[in-house]
There are 2 protein chains.
Amino acid sequence: MRETSPELSLTSRELDLIHRYWQAANYLSVGQIYLLDNALLREPLQAKHIKPRLLGHWGTTPGLNFIYVHLNRLIKAHDLNVIYVCGPGHGGPGMVANTYLEGSYSEIYPDITRDSDGIAKLFRQFSFPGGIPSHAAPETPGSIHEGGELGYALAHAYGAALDNPDLIVACVVGDGEAETGPLAAAWHSNKFLNPQHDGAVLPILHLNGYKIANPTVLGRMTNEEVKNLFLGYGYEPLFVEGDEPAPMHRMMSETLETALDRIRHIQRPAREGRATDRRPQWPVIVLRSPKGWTGPREVDGLKVAGFWRSHQVPITNPRGSPEHRKLLEQWLRSYQPERLFDSEGRLHPELQALAPTGNRRMGANPHANGGLLRRELELPDYRDYAIDVSFPGGSRAKATRHAGKFLRDVVRLNRDASNFRIVGPDETASNRLDAVFEATDRVWMESIEPYDIHLANDGRVMEVLSEHLCQGWLEGYLLTGRHGLFSCYEAFIHIVDSMFNQHAKWLKVARELPWRRPVASLNYLLTSHVWRQDHNGFSHQDPGFVDLVANKKAHIVRIYLAPDANTLLWVVDHCLRTYDRINVIVAGKQQAPQWLTIEQAATHCAAGIGIWTWAGSRIAEGEPDVVMACAGDVPTLETLAAVDLLRKALPELKIRVVNVVDLMTLQPKSQHPHGLDDREYEVIFTRDRPVIFAYHGYPYLIHRLTYKRSNHDHMHVHGFEEEGTTTTPFDMAVLNRLDRFHLAINVIDRVPGLSITAAHIRQQFRDKLIEHARYVREHGEDMPEIQQWSWPYKTAAEAGD
Amino acid sequence: MRETSPELSLTSRELDLIHRYWQAANYLSVGQIYLLDNALLREPLQAKHIKPRLLGHWGTTPGLNFIYVHLNRLIKAHDLNVIYVCGPGHGGPGMVANTYLEGSYSEIYPDITRDSDGIAKLFRQFSFPGGIPSHAAPETPGSIHEGGELGYALAHAYGAALDNPDLIVACVVGDGEAETGPLAAAWHSNKFLNPQHDGAVLPILHLNGYKIANPTVLGRMTNEEVKNLFLGYGYEPLFVEGDEPAPMHRMMSETLETALDRIRHIQRPAREGRATDRRPQWPVIVLRSPKGWTGPREVDGLKVAGFWRSHQVPITNPRGSPEHRKLLEQWLRSYQPERLFDSEGRLHPELQALAPTGNRRMGANPHANGGLLRRELELPDYRDYAIDVSFPGGSRAKATRHAGKFLRDVVRLNRDASNFRIVGPDETASNRLDAVFEATDRVWMESIEPYDIHLANDGRVMEVLSEHLCQGWLEGYLLTGRHGLFSCYEAFIHIVDSMFNQHAKWLKVARELPWRRPVASLNYLLTSHVWRQDHNGFSHQDPGFVDLVANKKAHIVRIYLAPDANTLLWVVDHCLRTYDRINVIVAGKQQAPQWLTIEQAATHCAAGIGIWTWAGSRIAEGEPDVVMACAGDVPTLETLAAVDLLRKALPELKIRVVNVVDLMTLQPKSQHPHGLDDREYEVIFTRDRPVIFAYHGYPYLIHRLTYKRSNHDHMHVHGFEEEGTTTTPFDMAVLNRLDRFHLAINVIDRVPGLSITAAHIRQQFRDKLIEHARYVREHGEDMPEIQQWSWPYKTAAEAGD
């Protein structure tokens, strides 16, 4: 497809070496899938040498190996800093084989020695109980990406390249993965990569033509269409196509040289301050090679190589079928293992010499074990951003606006380190974090018009209307040792449920590997939440993400519901200091009453849960008649408003108010490290008094967290009942029975005897609900007494009156 | 951008009428956002005429209105059958305005009359408590799509066009939405649309340049790049660009004529049997027009029209600010309402005449209210596909394989109706549903090679490696009155969590609207499930989708866990008969013992839960000592194996076995229509005996469903504890303590006294776990006694021995 510069061509000796190195990787890949013993085929292959269960994916692997050996050549020739993001992560045998060949594997796992014994162990452990998984995974050296779910390789690659000017992230995208939405969107990441400060991403679209049982969409497109597609995405496509090894080796090495040259031609002027008019056209390599390349062409008369039948294990049951066993042996011997490994099973020195050394090996590159490079963030003192709260409810503020000021200074303090980014789907301003734009801009590599606002080539805020891209970029950024925050509308974070799952799984496994150093936590700030999407309606009202989060391993996940601005400051500061976790922060962005001073907030948040004595009834001695618990800003407001109603109407009723910031405190200590022990729990919630719990999300989660607690039968949770539309904020609460009147009525219903003695009070509250319904339908806004309500007790003395 | 054929040009009278119709739609759109009264500006605008809370999105609306009026012209000129999928669904005012102008709105909502009074009500109800939502929604006539979350418009459009040869689905894609992954992938849907049997999709990419607070990626790309991108996707792009209304009207009407011409040139030969070599290049229209077109250019000295400031409400606080009120009045009067509506507020007759009539109106097209067109599926008798089960465990089978045979005949029986499709991400065969390929193929419009298998232009199975596309296509197909099934790996269905959420919300609202007729249920068949992804590892192991599902409204969702093939047959048959629901079926695809005859399966599934007396201890009289409950195929197997262990070791122990197929039976009847009442529940689970519950997914869900039940304190749930890797199937169960030994040990621990009297038995079970761990690590497969275990009691008599 391209012209060839003769000076870039491989000599025939180089070609032979590269080919044999590739054969070694292919041999080790097939061996991992099939062999239990006789690893170097020193004797004829027998049934007992073959694994009882054959697990693994061959089809993509020879292509992955081909790319690996050619990247090795490029790295060595130019002393490059390259990591390998393997989109088709099910080609695990290839990644393991290559890191073994280059030696990084044995450094991390010393029992897998670089000799016959080590190869035997390498084969045996693959997809074997107690061994290693079949996919590239946290266990795989050099990996920041598990290709299991497919879709996120390219976003991870771009995330890794940000703020790493010397790094080249080679990213293999399979043509299966290329059909996914997240991957299709990720090509546009080139609009956010700054050639001056960021590294390069070199995507290699590997069109081997087939998925599990189908051709691929991109694989069947003509080269003309593929070329147009990438020109449209803003890349320069370079094609490598064929199945004959020798010309393919020549073409691949030349094309990689061309790609490197293009990258240098983009980066050099940018770094020398010579601006270019247009966003650069980064190169992309399109590699068309047969699926299952070098493997069996036919098995039982059916086409295998170059077809989807080679996707997983191309030859079935070689243990039971002598004919299949013979085919397998022929296949293995076709790589001529005796030309690859010496009598002791060591890779021949002239082949060893092909691999880069030290940290230049892709399996040993510290960027792929980002914790090694992680520097703590410089954080300002969160107390400096505190809202003055002279008494509870004594001031009003927008919680995220103040968190925004804190984040602005996080950006400032870490400007030189270039290791903190904020991502979000076009919502940083809408989520009221716009103070960060005093310190930085949104990164934007397209044209910038004179009237544009806060756009720049080197902004540290990344906004694109794709939660998938936001999450993928941030994961890549964190896994390579940096820090960040994802701010998102609460309802739409569900878009990345599955990415969250996969990242949580990665962290769970990585924490169990001592050589993987801790990486910064993934921090979500969810705002524009269910109770204040009254204007956007039902599609924007969904608080269920935390339910998903709570399914994950306790040491990985944290959920914080900030009731006001000062608590949010503490929580954001805290989360930015943690590592190897996923922190979910839910907070409001609307003007709302503030409850705690910064000192009170710190004490409250450090405990994660607490009794708000100032909010409870005057009569505090002895057990309360009822506990009113709350979690989340709107539930806290409605709970306090309900307490106010009840204190006035039923002054003898003993109410205790409990606020929960850290949801995990509700779980038993045995299930979560933040869980209260039963005694602490009972001191707060009592053993047998009714608890009216106003919760931000779906009520079931509170039941699920507390079902083992002694007074669970007395727990009555109000939360989101999946009732929503475009209406007023207070009407949203009423529709879901989370409002002050429903809460107060439930207190009357649950406190023994009260439903009879306070029946008239109960009726007053019901009348209020009817009055509200009439009012909003007439005026289109909430009743003034609702809009203007504030906590009326300014001092302890007053509260006692 | 294009040459113009003079005969396609609008006359100046036509142009004037179209322009005024557009102005009418724009006027009604602004009025909805702002006005509470004085709807036709018969008097000067005063503060009291303006809504107290201004909610709505102006920016996209004039473009949506522009497209609507031009589609009206095209429909009328050619008597076309067109529906309008509005990707930027937040432009709700435009959709409401246009359906009002054409009359379909007033037919559905008769109180919104076509006069001044009706217009006043139309304005007032918009985004008003008790009124209508701010977005295009189920409430909006002609809509099958809510644009709230963004990403799915084009997939919905393609789903609607399938098997509707006469239909043209005009699909507006905003440039914000175009940044999302699902939308980026959806352009490739053209590879699955058959011009012979399917209708056409006419995508209109609306580049108005801005999102909430940013330019858009595609909006800032050059026309050259946009053109290449669409050529790459396989479309013919047609550009319409500008801001002067008159030339824009001319260009748009000509371009729509051209697009229709292209569609006819593609469809005609295909339908006349003249095959073409290549997949057709369908047209796509790229419309570049200013955001907030015709709205205020500047407010307070800041750029508004043609910029993101016009996204929502461009003029704030016209109630409080006389200056802003004046600006608003000028804006409204710029449309010259007196030229649009007569003295009684009726649209002038010459404008009314522009709209199509009857069902040709896009707001009245029955395809957009698919329940009107829905035909019941012809279903074969599921009993004809039954596995012969002469005694429990007496045969082995792969459950989904038999469901596949049933589905094959569903395809056959409904071939003429062309109203049933199966979608899935390249997994129909892998999920063992391959019998369907005896009746149909996979649809594929790319080239087909001689060695390809089961690919055809008119297949009824749709496979693409994008769960988003599968879901989006199916939703579009169902909402236009057809039927289908989505088969998916269990772990990766999380990819469409948010789409599931939005569809559930759509159904919930649609069910409350009497004019929306019921549509067929969305049926998920989740297989390749957590317990048998031992070969793919941790990334493929996630049973959490049902947790999300259980958050939704009880009348919308059902969850079925089929323990064997015959139960699965009943469940699939049942789900295909339901409507307005989302049914989630979880079933196995691996060879496994079969428990129930088809008659037993029918009785069991109809109840949803039942005592398996044949599986319990011989001593059946009186209350059991322990209830062993199970839900899911592997949990059922392990429970029965545990019972077998316990019956042999502790013959006096009274065990009751309960199997749950319909998970919702566990909930109280007050919470779910399938819930057992408390008496029924207690008859099954007892009031106070320990329940050892082996559950397919995360254990919390069972606690959440049963926390209100009397014996909840005695409920001990074993399930997925987020422990996984590549290992053997039985080791997966052991890692998560769902295996027979852990279950049996827990019985000993929970039955009072047994932990002392049966301590030696308990120790034997623990020893077995150690033996298992040693065995799998040595042999790489499960112990023969595990692999070969079968239910040993062939007859009731034998079971009693």
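Which residues have the most contacts inside the largest nonpolar core? They are A:Phe693 and B:Phe693, in a core of 470 residues. The model is a predicted one.

## Core

In general, nonpolar side chains tend to be buried together in soluble globular proteins. Here, the largest nonpolar core has 470 residues.

Take A:Phe693 and set aside residues up to four places away in sequence. A:Phe693 then touches A:Ala629, A:Cys630, A:Ala631, A:Val660, A:Leu666 and A:Phe685, among others. The list also includes A:Ile702, A:Met715 and A:Val717.

## Domains of chain A

Chain A has three domains: domain 1 covers 15-365, domain 2 covers 382-592 and domain 3 covers 610-799. The C-alpha centres of domain 1 and domain 3 of chain A are 57 Å apart.

## Interface between chains B and A

Interface size is often given as the accessible area lost when the parts come together. Between chain B and chain A, the buried area is about 10,000 Å². Carbon and sulfur atoms give 55% of that area. On the side of chain B, the residues that lose the most area to chain A are B:Arg220, B:Leu465 and B:Tyr700. Together they make up 7% of what that side buries. In residue terms, 117 residues of chain B contact 117 residues of chain A.

Polar links also cross the interface. There are 58 residue pairs in polar contact between chain B and chain A, both residues at pLDDT 80 or more. Salt bridges between the two chains number 17. One salt bridge joins the side chains of B:Lys553 and A:Glu723, at 2.8 Å from N to O. Several elements of chain B give two or more residues to the side that touches chain A, including α7 (181-186), α8 (217-220), α9 (223-233) and α16 (497-511). Also among them are α17 (545-549), α22 (700-706) and α26 (759-779) of chain B. The most comes from α16(B), with seven residues.

## A buried strand residue: B:Ile204

B:Ile204 sits in strand β3 of chain B, residues 200-207. Is B:Ile204 buried or exposed? B:Ile204 counts as buried because its relative accessibility is 0%, and the cut-off for buried is under 20%.

Beyond its neighbours within four places in sequence, B:Ile204 is in contact with B:Ile67, B:Cys171, B:Val172, B:Val173, B:Ile285 and B:Leu287. B:Ala649 lies 445 residues from B:Ile204 along the chain, and their C-alpha atoms are separated by 71 Å.

Note on methods
Residues numbered from 1 in each chain as written. Chains lettered and ligands numbered in written order. Predicted model: local features only at pLDDT ≥ 70, side-chain atom pairs only at ≥ 80, totals over all residues. Heavy atoms only, no water. Domains from an automatic or database assignment. Core = buried A, V, L, I, M, F, W, Y, C linked by side-chain atoms within 4.5 Å. Buried < 20%, exposed > 50% of the residue type's maximum accessible area, 1.4 Å probe, protein only. Contact = heavy atoms within 4.5 Å. Buried area = accessible area lost by both parts, 1.4 Å probe. Salt bridge = Lys/Arg side-chain N within 4 Å of Asp/Glu carboxyl O. Polar contact = N/O pair within 3.5 Å; in protein donor to acceptor, adjacent residues only side chain to side chain. Helix = DSSP H or I, 4+ residues; strand = E, 2+ residues; numbered from the N terminus.
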